[in-house]
Amino acid sequence: MTEPFEILFRAQTTATAVPQLTADTPFDLPGAYRIQRAVAELRYAAGERPTGFKMGFTSRAKMQQMGVDEVISGLLSSSMAWLDGDIVDPTTLIHPRIEPEVVFRLGRDVDPQESADSAAGAVDAVAAGLEVIDSRYADFKFSLVDVVADNASAAGYAVGPWQPPAGDLANRGVVLEVDGAVAETGSTAAILGDPWRAFAAAVRLSRSLDVALTAGQVILAGAATAAVPFRPGTSVRATVSGLGTVTLALGVSGGGSS
Ligand code: OOG
Ligand code: MG
């Protein structure tokens with residue numbers, strides 16, 4: 001029998017949509033995180049390495065867009081780590097969406113015993129980010145446990161120039177542009193009131209899930225705005241006031257479209 005984690009691993013690595021797993025196999029939230037982890041272990045066995053931890057649904061804008069009202073997390077790995085300015089291959093994605101992120105970088109390992117406050121001292125840089133989400137479920141529709149099993153829809157991310165982590169991160173303007181036109185605007189205050197709260201939530205959640213946060217890894221705080229479709233042939237840019245800008249483009253597959 002094909003296990004849920006095998007179905008999702010195949011869906012993620014072949015960019016093929018599948019029906020929601022809970023339609024056939026009910027599981028609870030801890031079970032969903034176990035599936036998420038098992039899929040990641042298959043990725044690591046295939047040569048990927050962990051690159052960080054992402055938070056999801058830390059803003060009302062995201063919760064409302066997707067009909068989910070609990071903060072979740074996902075595991076970032078090397079095939080998802082793209083560079084600022086990259087042109088992404090559209091054949092690796094199903095129905096991608098793009099969203100602006102605030103990103104933290106760890107300058108040292110986080111001790112599993114340390115408080116979230118103390119762990120904040122491990123952050124050596126912050127930056128604006130772009131996240132590409134690509135639910136492996138048909139029509140981008142899912143329940144809470146389904147999206148957790150599917151690694152919080154993680155597909156890829158890019159980070160802009162790193163900045164020193166000095167200063168307040170709350171209340172900074174966020175702009176998402178598609179081909180130079182403003183698509184979404186928001187404020188980092190939408191991210192649990194302050195992106196540092198999302199960082200603290202990441203520290204707590206990673207500990208309860210027994211996920212190590214190590215030097216050099218990144219933590220995505222969760223989008224402040226709704227996600228927008230990432231269409232082939234378009235270029236997107238996220239700007240967070242005082243943090244800078246990051247861009248990604250989606251290539252055109254097969255030619256012919258513009
Ligand atoms: C789940 C991922 C949510 C965020 O920033 O809130 C997320 C989804 O919307 O499919 O990454
Ligand atoms: Mg996100």
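Mentor: Happy to; we will go through the pockets, the cavity, the metal site and the nonpolar cores in turn.

Please keep in mind that this is a predicted model. Rolling a probe the size of a water molecule over the atoms shows where empty space is left.

Let us begin with the largest pocket, which holds about 230 Å³ of space. Its lining is made of 17 residues, and the closest to the pocket centre are Gln 12, Arg 43, Ser 79, Thr 92 and Ala 155. Two elements, helix H1 (4-14) and strand S7 (154-159), each supply at least two residues of that lining. Of these, H1 gives the largest share, three residues.

Gln 12 is in contact with Asn 151, and Asn 151 sits in the loop between helix H5 (144-149) and S7. Is Asn 151 buried or exposed? Asn 151 has a relative accessible area of 5%, and because buried means under 20%, this residue counts as buried. Beyond its neighbours within four places in sequence, the contacts of Asn 151 also include Gln 36, Lys 54, Gly 74, Leu 75 and Met 80.

The structure has one cavity of 30 Å³ or more, and the volume of the largest cavity is about 110 Å³. Among the 16 residues lining this cavity, Lys 54, Phe 57, Lys 62, Ile 133 and Ala 152 are the closest to its centre. Strand S1 (50-56), S5 and S6 are the elements that give two or more residues to the cavity lining, and S1 gives the most, with three. That lining divides into nine nonpolar, two polar and five charged residues.

Which protein donors does the magnesium ion (ligand 2) have? They are Glu 99 (OE), Glu 101 (OE) and Glu 131 (OE), at 1.9 to 2.1 Å from the ion. Along the chain these donors follow the spacing E-x1-E-x29-E. Glu 101 in strand S5 (residues 97-106) and Glu 131 in strand S6 (residues 123-133) link distant parts of the chain, being 30 residues apart. Both Glu 101 and Glu 131 are buried.

Now for the packing. In soluble globular proteins, nonpolar side chains tend to be buried together. Here the largest nonpolar core has 71 residues, and Phe 53, Ile 98, Phe 104 and Leu 248 touch the most other members. Helix H6 (residues 195-208) gives the most to this core, with seven residues. Take Phe 104: leaving aside neighbours within four places in sequence, its contacts include Val 123, Ala 125, Val 126, Trp 162, Leu 169, Pro 195, Trp 196 and Phe 199. Gln 217, Val 218, Ile 219 and Ala 221 are also in contact with Phe 104. A second, separate core has nine residues, including Met 80, Ala 154, Tyr 157 and Val 159. Met 80 is also one of the contacts of Asn 151.

Finally, there is the second largest pocket, with a volume of about 160 Å³. Its lining includes Asp 109, Val 110, Asp 111 and Pro 112, along with Val 203, Ser 206, Arg 207 and Asp 210. Val 211, Ala 212, Leu 213 and Thr 214 line this pocket too. Six nonpolar, two polar and four charged residues make up the lining of the second largest pocket.

How values were computed
Residues numbered from 1 in each chain as written. Chains lettered and ligands numbered in written order. Predicted model: local features only at pLDDT ≥ 70, side-chain atom pairs only at ≥ 80, totals over all residues. Heavy atoms only, no water. 1 Å grid on protein atoms, 1.4 Å probe; cavity = no way out; pocket = protein on both sides within 12 Å on 5 of 7 lines; lining within 4 Å. Points joined across faces, edges and corners; volume = space filled by probe spheres on them. Helix = DSSP H or I, 4+ residues; strand = E, 2+ residues; numbered from the N terminus. Nonpolar A, V, L, I, M, F, W, Y, C, P; charged D, E, K, R; others polar. Donors = N, O, S within 2.8 Å, 3.2 Å for Na, K, Ca; no water. Buried < 20%, exposed > 50% of the residue type's maximum accessible area, 1.4 Å probe, protein only. Core = buried A, V, L, I, M, F, W, Y, C linked by side-chain atoms within 4.5 Å. Contact = heavy atoms within 4.5 Å.
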